[in-house]
Amino acid sequence: MLKNAQNDNETSSKKFGELTDTPNARQQQLMALRADISTILNTPKSLDENTSRTKKQGHSNIFFDDCPAQQLHELWAARSSDHAAVTAFALASAKDTKKPILWVASTTIFREQGLPYAPGLMNMGLKPETLVLIRTATGKDALWALEEGIKADAFSMVVGELEDISLKNSQRLSIALQEHNTKGILLMRSTQEPQSAAYSRRRITPEPSAQHPILSNAVNESQVKVQALKHRAGIKPHTFSMEWNHETHRFDLVSPLGDRSVAEAATPPRSRQA
Amino acid sequence: MTLAHARAIIPDLIIARANPEEDQAHLQRLAYWAVRYSPLVAADGQDGLLLDITGCEHLFGGLTAMLQDMKARLRRIGFSSHIAVAETIGAAWGQARYGREHSAPVHINQLHGLPVQALRIPDRTIITLQRLGLKAVGQLLSIPRPALARRFQTLRSKSLKGEDTAALVKRLDQFTGQHAEALKALAPASDWSVRHAFVEPVLHVQSVELALPHSLLRLCNALAETELGVRQLALHCYRVDGTVQTLTVGTHAASRDPAHLQRLISEHLDTLEASFGFDLMVLTPLSCEPLAAHQVSTLRQTPPEAVTQTLDRLSARLGHSAVLGLYHRHSHIPEACQFTAPYHQGDESWQDYPDNTAPRPMRILERPEPIEVLAEVPEGAPRRFRWRRLDYHVTKAEGPERIAYEWWHDLEVLGQPHKPGHLTRDYYKIEVADGARFWLFRRGLYAVEGVRPAEQMAVVSGSDDETRTPTTQSIPSPQTAQPHWFMHGFFA
């Protein structure tokens, strides 16, 4: 006779409690479990339910394991006010390297969205000396500069801020990336979803920050919502929220369970019988 | 004689307008062309060139051959020339204009027969000397110096032809060489140059490209012996019609790699125009830096110069001001403490940045954009604002962080009505309803009851240094204008 362990998963604990009953109930239980499995498989994979992953690493390295080098990644900002969040996300991934970062954008984009600001970069834990800015006159020059930067093999990350990119050009960049050891990130600023041959595409939007425990009016740490739209490795589209941690200089997953109140138990907990 | 007189004598006279500026420009171009003979060349007056050919004769097979070559080329270009070689500038000048042509350098002692006009002295002095019966330079040299100095004291003046003249004694000394005279060269002479002369003038730029690797290799080998690397390289292509086409490339770090320099030069070779052809190509490093020899690794690693070589290629195509780095300038004003400049490695200016400042945005607009804000007076944070034609509703705000003008730069400003750039700014970190976070500021302070008056701003008509104040009234007296709000930066 198996005693059930007390755990949070109340439904399955209830089911296991009935294991010693009739074979009919056993059949019912099996069917219920199969139904559970099929719902898990059919719903889009969200990292909250993907318990093995979240239990292993609770911070944003999960994202960056899915963002490997030698591939082209797109971060899409749909509105002008999203662009800062996209920038932060791109920069957060390149702090641990000695090689410089190549940042390519045209003059119009730098005028509209602003230049990277070194004191802000230092707040994020990034040294401003590692950033090399390329300010081009046209988008075509920006694409050429991106390709040159990729082929150099000398930069840790090549970031391009573009308004749109054609399929042919993105394929060209992907092919160049596959042969050289660097990471390519495109920050797309367009209203429509960019259609390109990138390895992965994510839409980043800023979110209201969490309530500060003391000052309700204080702007707390930045939160962003990441919508993974496309991934070549087959990961289904999913959405998750991340919060900036100014001490570790990393984006951490926002845990949705943090604020829940203690739920009332449906059945009173069994007492252990000796 | 006037033009009418001349036309009366010869009815079908060919007339052309004189254009002294263009003539001078032609002379300058010819002077640059003459650099093929010697790096020290100067244009002399309106119709002459001065070259210092010390040590250059052996390149042309001797002095006689050099002079013949010069004369032939000038004739081919279309100029008739008088060429003279002497030990001093004064003697050469006089010999070329007033002496017979010799194909060998003449000693100063042989030039005593030159007339006094051969010295660069004012016309009045010449007339006086002729009246006194002194017609040759040799006669002047036999007169004791103090007598000459006492009699002919003239200030510097320009003669009719526009040549520079000076006192007689000084000119005599320059003639004989007792007073040193230097040449103000057009282009600075560099220590290195590699020449490649074409047998026949080349018409296509591709031929130059084919000749480049050999010359670059010679140059890099020569530099390797002295452990120097090139920072700026100039390619001069001399045309047969007496002009020079120059191409300059720069690198971010000293380089001695012929292939890399070839790639940089090839980027811009299309800008050279051959017209009737190039007959000489000269590679000259304009600035060099020490570059020690280093071990080349056989492992497939990226070499340390990969970054600078890529940046060289990028700046060769996009321009030197396209490859930028962020540098620190000590200032409290946020947009002033960072400036962009052409990238160079090994910068440490950001280590001085004070680490006790409030959090700063990640991106900053170079020019703050004006916005319309609804906020509580005098120091309240914004409640709603309108930026780029979109309305934003503020949920959270932090601030104000007060940044005032750096009064120590301009002490006279204290107590005066402020110019727009001198007003105090109150910065707020704002979060709006959908989560975006902004950094905006109010320029100018409102009055606070019993604490301080409003910041007096002098209203100037026309645009000010930041943005145009909407309330420009052209009243000359200083007037308190309303503070304005601007969007400056973006947080994540």
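**Strands, helix faces and cores**

Analyst: In this predicted model, strand β2 (residues 101-106) of chain A and strand β4 (residues 131-136) of chain A run parallel and are joined by 6 bridges. One of the partners is A:Leu131 in β4(A), which bridges to A:Ile101.

User: What makes β2 and β4 of chain A a pair?

Analyst: Pairing requires at least two bridges. β2(A) and β4(A) have 6 bridges, so they count as paired.

User: Why are β10 of chain A and β10 of chain B called edges?

Analyst: The open sheet has 11 strands with mixed pairing, running from β10(A) through strands including β1(A) and β9(B) to β10(B). β10 (250-253) of chain A and β10 (338-342) of chain B each have a single partner strand, so one side of each lacks a neighbour in the sheet. From one strand to the next, the twist averages 30°.

User: How do you know that the buried residues of α5(B) line one face?

Analyst: In helix α5 (residues 123-131) of chain B, the buried residues are B:Thr125, B:Ile126 and B:Leu129. Viewed down the helix axis, these buried residues fall within an arc of 100°, so they line one face. B:Arg124 and B:Arg131 are exposed on the other side of α5(B).

User: What do the buried residues of α5(B) pack against?

Analyst: They pack against α6 (137-142) and α8 (168-176) of chain B.

User: Which residues touch the most other members of the largest nonpolar core?

Analyst: Of its 67 residues, these are B:Phe385, B:Phe438, B:Leu440 and B:Met487. Helix α5 (residues 83-92) of chain A supplies the largest share, 8 residues.

Notes. Residues are numbered from 1 along each chain as its sequence is written. Chains are lettered from A and ligands numbered from 1 in the order in which they are written. This is a predicted model: local features need pLDDT of at least 70, side-chain atom pairs count only at pLDDT 80 or more; totals for chains, interfaces and linings use all residues. Side-chain values use heavy atoms; hydrogens and water are left out. Buried means under 20% relative accessible area, exposed over 50%, partly exposed in between (1.4 Å probe, protein chains only). Helices (H or I, at least four residues) and strands (E, at least two) are DSSP runs, numbered from the N terminus. The arc is that of the directions from the helix axis to the C-beta atoms. Contact means heavy atoms within 4.5 Å. A nonpolar core is a set of buried Ala, Val, Leu, Ile, Met, Phe, Trp, Tyr and Cys residues joined through side-chain atoms within 4.5 Å. Axes are lines fitted to C-alpha atoms, for helices over the stretch in contact, and angles run from 0 to 180 degrees between N-to-C directions.
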